[in-house]
Amino acid sequence: MAAQIRVAFESRDMTSFGALLADDARWGDDDAPNKCRSRAEVVETFQGLIDAGVSGEVMDLKTGPSGVLCHLRIHWPDAAGRTGRDEIFHLYRIRDGRIIEIRPYDDRDAGETALSVV
């Protein structure tokens, strides 16, 4: 799964990334204004960022009991406006071969702690 995540990001192919997601994949806290609660919403959000010129570079991936931790370096073009951090850690929680949840973390330690929890 880690290799498939890397390929989807490097190719900027949201169709491939969407195929990795469960139908009811979640991204963001329940009180977040831009939370996603389905495969379609996650893909639409990522595609919107790509369309605005935002790109992400996979720095490294680590697998563990909870899924795959992805360290991303984000490139924000001037035209898109800066709306986030330059580096983030996404924990892709996996069940039955599909990503069921995307949890963002601000630092590696927090992400790795979450990755080790079953």
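**Pocket lining, helix faces and selected contacts**

Ser66 counts as buried, at 6% relative accessibility (buried means under 20% relative accessible area, exposed over 50%, and partly exposed in between, with a 1.4 Å probe and protein chains only). The model is a predicted one: local features need pLDDT of at least 70, side-chain atom pairs count only at pLDDT 80 or more, and totals for chains, interfaces and linings use all residues. Residues are numbered from 1 along each chain as its sequence is written, and side-chain values use heavy atoms, with hydrogens and water left out.

Ser66 sits in the loop between β2 and β3. Helices (H or I, at least four residues) and strands (E, at least two) are DSSP runs, numbered from the N terminus. The side chain of Ser66 reaches the backbone oxygen of Ala114 at 3.2 Å. Such a polar contact is a pair of N or O atoms within 3.5 Å; within protein, one must be able to donate a hydrogen and the other to accept it, and residues adjacent in sequence count only if both atoms are side-chain atoms. Ser66 also touches a set of residues beyond four places away in sequence, including Leu91, Tyr92, Arg93 and Ile94. Among the others are Leu115, Val117 and Val118. Contact here means heavy atoms within 4.5 Å.

Ala114 belongs to the buried set of helix α4 (residues 108-116), together with Gly111 and Leu115. The arc is that of the directions from the helix axis to the C-beta atoms. Asp109 and Thr113 are exposed on the other side of α4. The buried residues of α4 pack against β2, β3, β4 and β5. At the start of α4, a side-chain oxygen of Asp107 comes to within 3.1 Å of the backbone nitrogen of Asp109.

Helix α1 was examined in the same terms. Its buried residues are Ala2, Ile5, Ala8 and Phe9. Seen down the axis of α1, they fall within an arc of 130°, so they line one face of the helix. An α-helix has 3.6 residues a turn, so residues three or four places apart point the same way. The face of α1 turned away from the buried side carries the exposed residues Ala3, Val7 and Glu10. The buried residues of α1 pack against the helices α2 (14-19) and α3. They also pack against β2, β3, β4 and β5. Arg12 follows α1 and has a positive phi, near 60°.

The largest pocket holds about 700 Å³ of space. Rolling a probe the size of a water molecule over the atoms shows where empty space is left. On a 1 Å grid over the protein atoms alone, a pocket is an open set of points where a 1.4 Å probe fits, with protein on both sides within 12 Å along at least five of seven lines. Grid points are joined across faces, edges and corners, and the volume is the space filled by probe spheres set on the points. Lining residues have an atom within 4 Å of a point. The lining of the largest pocket comprises 29 residues, and Trp27, Leu49, Trp76, Ile88 and His90 lie nearest its centre. At least two lining residues come from each of α1 (2-11), α3 (39-51), β2 (55-64), β3 (67-75), β4 (87-95) and β5 (98-105). Helix α3 supplies the largest share, 4 residues. By class, the lining divides into 15 nonpolar, 8 polar and 6 charged residues. Ala, Val, Leu, Ile, Met, Phe, Trp, Tyr, Cys and Pro count as nonpolar, Asp, Glu, Lys and Arg as charged, and the others, Gly among them, as polar.

Strand β1 (residues 21-27) contains Asp23, which is exposed, with a relative accessible area of 58%. The side chain of Asp23 makes a polar contact with the side chain of Arg39, at 2.7 Å. Beyond four places in sequence, Asp23 is in contact with Ser38 and Arg39. Ser38 lies in the loop between β1 and α3 and counts as buried, at 19% relative accessibility. Ala25 is also in β1, but is buried, with a relative accessible area of 1%. Its C-alpha lies 5.4 Å from that of Arg39, 14 residues apart in sequence. Residues touched by Ala25 include Cys36, Val42, Ile99 and Ile100.
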